[in-house]
Amino acid sequence: MTTRFEVWAPSAGRVEVEAGGVRHPMDASPSGWWRADVADASHGTDYGFVLDGADEVLPDPRSPWQPGGVHGLSRVYDHDRFAWTDQHWHGRPLPGSVLYEMHVGTFTPEGTFDAAAERLDHLVALGVDAVEILPVASFPGNHGWGYDGVHLWAPHEPYGGPDALKRFVDAAHARGLAVILDVVYNHLGPDGNRLAAYGPYFTGTHPTPWGDAVNFDQEGSEEVRAFVVENALMWLRDHHFDGLRLDAVHAITDLGAVHVLEELAGAVAGLSAHLGRDLFLIAESDLNDPRLVTSREAGGYGLDAQWSDDFHHALHAALTGERQGYYCDFGDLETLKKALTNVFVHDGTWSTYRGRRHGRPVNVVKTPAHRFVGFLQNHDQIGNRAAGDRLGAVLAAAGAPPGLLKVGAALLLLAPFTPMLFMGEEWGASTPWCYFTDHQDPELGRAVSEGRRREFARHGWTGGVPDPQAVDTVRRSVLDWTEPGRPHHRDLLEWHRALIALRRSRPELNDPRLTGTTVETGGDGARWLIMRRGPIRVAANLGDAPVLLPVSAAEAPPPRLLLGSDPAIRLDTGATGDSGTAALELPAASAAVLG
């Protein structure tokens, strides 16, 4: 069998491909691409490229398989060899979906794609529609978050490599679950990153926290843009992913007339039409700029959704009372009301944390609610805390009642946005989720460990900071799958299942109109609110004392209690009298759903 090898190396005077231990000269084209057809090279053949007669053999920038890690040779991979069983899968539209964020390496003790696939029935029973997995592009060492990936085309080998990833996606589709992949196009990890040896993949014109920026708009950028766009299409086409989550797009600088995100959105829309399968793009951005999810026809980038940090901050601060860092701009229930009805709290308003105005308004009349992903916990909001403490631990440390976890879940899962849970959140996992790395370069590993300690010391943290390089740090972060069967955890799990089932059963809870949600708060320091979505009302008491709330009983049929987080919740509709009101009694830290 003959295999064609190709690589873009515009500055090289001579390029060879070493395949199976034998070097073969490559032919150059004016575009900077080099090509060679090599006989007896096929699936499983190890190869690399040699630039200008150097002794070192470099891995392929588009390597599909890195069995020896980021520093090893690349390996030929034939995508057509895999026997897919999802031929009748046409995708899952993002509107109406509930997402579930998962880190493959800590989702199970084994930390592999195959082990994660064995737990998918839990997600089906929970009621979620799509699994969003943290980055799997090959990164240094065995374990890590994945955001320092180096080989963007090669699934991480310690997770199982390309075939195991396909088995995971195939198994998810067999269960009706869509799969979303988190991809990182704003930077690459330093350890094993050899792209600069091949061409102008980076530029010093735009500095970033990680060094030179990815070159999206300077000389030579056309092929760099193509590298990213084609990488995205590869994951969707060859690994059958249903969507991509684009990490920190605010860190992508592109001053061209057509932003690379807009170009990417157009390419994905074209692939979706070609495959006859729903595909979507979700952005993470701290810009509070609705142009990301505004259609291309209306002058936006045309992405399908973006994460809503303001909703998280408003809900987290209201539940926990935390005001440090960016939480200083949040906390009162009027702020949460604005997040629920207007999406962005900072929509051109003053941000004390930033010391300037921030954001721009969402057009709530024209923008569908599902274009914003809401969450109460995620990998960043947990893992970027010094000890990786989840919300349950934060509430316990503050002496807050555990019932607030149910309150938060109700406001998250019945809000107008596309909701997302972080793995283990559904049962109140007691395991932390820490920041961990496995850098093989000792100096880099030491710098990461010391830098994290300095960072939290600078912010006044006096507790211990787990060493990211310590094996125990990642082990502590692995989910404990015995917990869902224990009474407290099982009760919280059933609450999440009930909320998701209710969301699925009532069309009002998937109404795409942001204007269809209204919120009433107590005012004067009261700690309750009522979120109304059509005839559905979510009443939440975030305070530490019971409250008695009047609820209109004039509608036909009169309101009834659909769900309650506490058995002491009472809805009295028997003594409405001439007022046409019912009385809803909410204990401290409880939530009720009326309909």
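A pocket, as the word is used here, is an open set of grid points where a 1.4 Å probe fits, with protein on both sides within 12 Å along at least five of seven lines. In this predicted model, the second largest pocket holds about 690 Å³ of space. Of the 26 residues that line this pocket, R4, R62, P64, Y77 and H79 are the closest to its centre.

**Lining of the second largest pocket**

- Strand 1 (2–8), strand 5 (33–39), strand 6 (46–51) and helix 6 (221–238) each contribute at least two residues to the lining of the second largest pocket.
- Strand 1 provides the largest share of that lining, namely five residues.
- Sorted by class, the lining of the second largest pocket comprises ten charged residues and ten nonpolar ones, together with six that are polar.

**Overall build of the protein**

- The protein contains 15 helices and 29 strands.
- Its radius of gyration is 25 Å, close to the 25 Å that the globule rule gives for 595 residues, so the protein is as compact as a globular protein of that length.
- Taken along the principal axes, the box filled by the C-alpha atoms of the protein is roughly 90 × 50 × 45 Å.

**Burial, contacts and surface**

- Of the 595 residues in the protein, 57% count as buried.
- Among contacts in the protein with a separation of 6 or more, 70% are between residues 24 or more positions apart.
- The accessible surface of the protein amounts to about 23,400 Å², and carbon and sulfur atoms account for 50% of this surface.

Definitions and conventions
Residues are numbered from 1 along each chain as its sequence is written. This is a predicted model: local features need pLDDT of at least 70, side-chain atom pairs count only at pLDDT 80 or more; totals for chains, interfaces and linings use all residues. Side-chain values use heavy atoms; hydrogens and water are left out. On a 1 Å grid over the protein atoms alone, a cavity is a set of points where a 1.4 Å probe fits but cannot get out, and a pocket is an open set with protein on both sides within 12 Å along at least five of seven lines; lining residues have an atom within 4 Å of a point. Grid points are joined across faces, edges and corners, and a volume is the space filled by probe spheres set on the points. Helices (H or I, at least four residues) and strands (E, at least two) are DSSP runs, numbered from the N terminus. Ala, Val, Leu, Ile, Met, Phe, Trp, Tyr, Cys and Pro count as nonpolar, Asp, Glu, Lys and Arg as charged, and the others, Gly among them, as polar. The radius of gyration is taken over C-alpha atoms; the globule rule is 2.2 Å times the number of residues to the power 0.38. Buried means under 20% relative accessible area, exposed over 50%, partly exposed in between (1.4 Å probe, protein chains only). Contact means heavy atoms within 4.5 Å. Accessible areas come from the Shrake-Rupley method with a 1.4 Å probe; for residues, only the protein chains shown count as cover.
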